[in-house]
Amino acid sequence: MRDKKIQSGITTAGILATMIFGAGNLMAESSSAYPALSIPFEAESVSAENVYYFAGQSGVPGPENEGFTANSGFVITGKGVVVFDALGTPSLGFEMIAKIREMTALPITHVVISHYHADHVYGLQAFRDHTEAKIIAQESSAAYIQSPDADRRLEQRKVALSPWVNDETRLIAPDMTFDETTTFESGGFRFTILHAGPAHAPDDSLMLVEPAGVLFSGDIIQNGRVPFLASSEVDTANWMSAIDEVRALEPEILIPGHGRASGNAMAALNFTYDYLAYVREKMGDAVDQWMQFDDAYQQTDWSRYKNLPAFDASNKANAYRVYLEMEKAALGGS
Ligand SMILES: [Zn+2]
């Protein structure tokens, strides 16, 4: 155990030395080293062969977790490494690359992004600076990258996550975007990426890995927790149809955007699907009957969800967003 730690330190230093001394001006310019991590950071194997993930800590990004609050993962195929999400600081992205390089000499070929929220994408900078990987995301990520929200978030993280997020930290745009779905194959694996947003974010996407039967879900499928519909333009119909498509492929293992991986992906998918269907049904009926939201919310039987984590924090706001969505649909808005 101890040897392994020491060795991983040497490997990281070795890579750093190569980058600093091996590439001259270019590397000197692109900040040769990111602030080091002091938290434990190890890839965990999921039961599917060749699939690993880094399990982020619970809580809000801050000095105690050094920004490691989301999950990310990777698949070592016969030809290269496909990464899903890049974590919340360049240092974390860099450590991911170092851990992957301890396991394989194959190149990192793709980084697929679940959605452009800070806890999932600030690590992209390390992938851009130190790998040839192509970054793939859904096309509405572009709007976020150019928005004042993105700038505000970066300023906030420079304070909350100093020194790991700092004046050198920058948002990296995707190299390739897709609209509804895209697939690619690499070394015996097929990767299917589906747009499911706007749900938690406009660009929410899932990635299914076959034949491993692993679903990387980003933040829109959670395990036994009421989901949070943070987007004001949530499209639950689109979200449900994405879940339907993924269900048809019968994934076994779920790696969510936050929290532990699960060996029962279908249960998590069904839970989210049923929740969305229930809220849509109840709020849709209320809209049909010209009922005010507050009355509709009071009259709805929430008992099956009431005791779940995040119910108090999310359920009423979720129901309200769905109410507005159903109202818009009923009025023929687009
Ligand atoms: Zn997240």
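In which hand does helix 8 pass helix 9, left or right? I found a left-handed crossing. I kept in mind throughout that this is a predicted model.

**Entry 1: the helix pair.** I looked up the axes next: those of helix 8 (residues 236–248) and helix 9 (residues 265–288) come within 10 Å and cross at roughly 150°. Angles over 145 degrees count as roughly antiparallel, so I noted helix 8 and helix 9 as roughly antiparallel to each other. Helix 8 brings Thr-236, Trp-239, Met-240, Ile-243, Val-246 and Arg-247 to the contact, and helix 9 answers with Met-266, Leu-269, Thr-272, Tyr-273, Leu-276, Ala-277 and Arg-280. Sorted by class, I have nine nonpolar, two polar and two charged residues in this contact.

**Entry 2: what helix 8 lies across.** I followed helix 8 to its strands and found that it lies across strand 9, strand 10 and strand 11 (214–218). Against strand 9, helix 8 runs at about 165°.

Entry 3: I traced an open sheet of five strands in the order 8-9-10-11-12, and its pairing is mixed. Strand 8 and strand 12 (253–256) are the edges, each pairing on one side only. On average, neighbouring strands here are turned by 15° against each other, direction ignored.

I then went through some of the pairs. Strand 8 (residues 181–186) pairs with strand 9 (residues 189–195) in the antiparallel sense over six bridges, and Ser-186 has Phe-189 as its bridge partner. The two strands form a hairpin with two residues between them. In that turn, I read a positive phi of about 45° for Gly-187. Strand 9 also runs antiparallel to strand 10 (residues 205–210), joined by six bridges. Here I marked Arg-190 opposite Glu-210.

**Entry 4: strand 6.** Is strand 6 largely enclosed or open? Four of its five residues (134–138) are buried, so I wrote it down as largely enclosed by the rest of the structure. Strand 5 (residues 108–112) runs parallel to strand 6 with three bridges, and Val-112 stands opposite Ile-136. Strand 7 (residues 176–178) also pairs with strand 6 in the parallel sense, over three bridges. There, Gln-138 faces Phe-178 as its opposite residue.

Entry 5: A reminder to myself: most residues other than glycine have a negative phi, and most peptide bonds are trans. I found a cis peptide bond between Ser-162 and Pro-163, with omega about 5°; Pro-163 is in the loop between helix 7 (148–160) and strand 7. Glu-210 and Pro-211 are joined by a cis bond as well, omega about 5°, and Pro-211 sits in the loop between strand 10 and strand 11.

Ala-310 has a positive phi near 75° and belongs to the loop between helix 10 (293–299) and helix 11 (311–330). Which of the classes does Asn-50 fall in, buried or exposed? It is buried, with 20 other C-beta atoms within 10 Å. Ala-310 has 15 such atoms and is partly exposed.

**Entry 6: the whole chain.** I ended with the overall tally: 11 helices and 12 strands. Of the 334 residues, 41% count as buried. Among contacts between residues at least 6 apart in sequence, 69% join residues at least 24 apart.

Definitions and conventions:
Residues are numbered from 1 along each chain as its sequence is written. This is a predicted model: local features need pLDDT of at least 70, side-chain atom pairs count only at pLDDT 80 or more; totals for chains, interfaces and linings use all residues. A residue is buried if 20 or more other C-beta atoms lie within 10 Å of its own, exposed if 12 or fewer, and partly exposed in between; C-beta atoms are placed from the backbone. Two strands pair if DSSP finds at least two bridges between them. Two residues are in contact if their C-beta atoms, placed from the backbone, lie within 7 Å. Axes are lines fitted to C-alpha atoms, for helices over the stretch in contact, and angles run from 0 to 180 degrees between N-to-C directions. Angles under 35 degrees count as roughly parallel, over 145 as roughly antiparallel, 65 to 115 as roughly perpendicular and the rest as oblique. A crossing is left-handed if the near helix is turned anticlockwise from the far one by less than a right angle, and right-handed if clockwise. Ala, Val, Leu, Ile, Met, Phe, Trp, Tyr, Cys and Pro count as nonpolar, Asp, Glu, Lys and Arg as charged, and the others, Gly among them, as polar.
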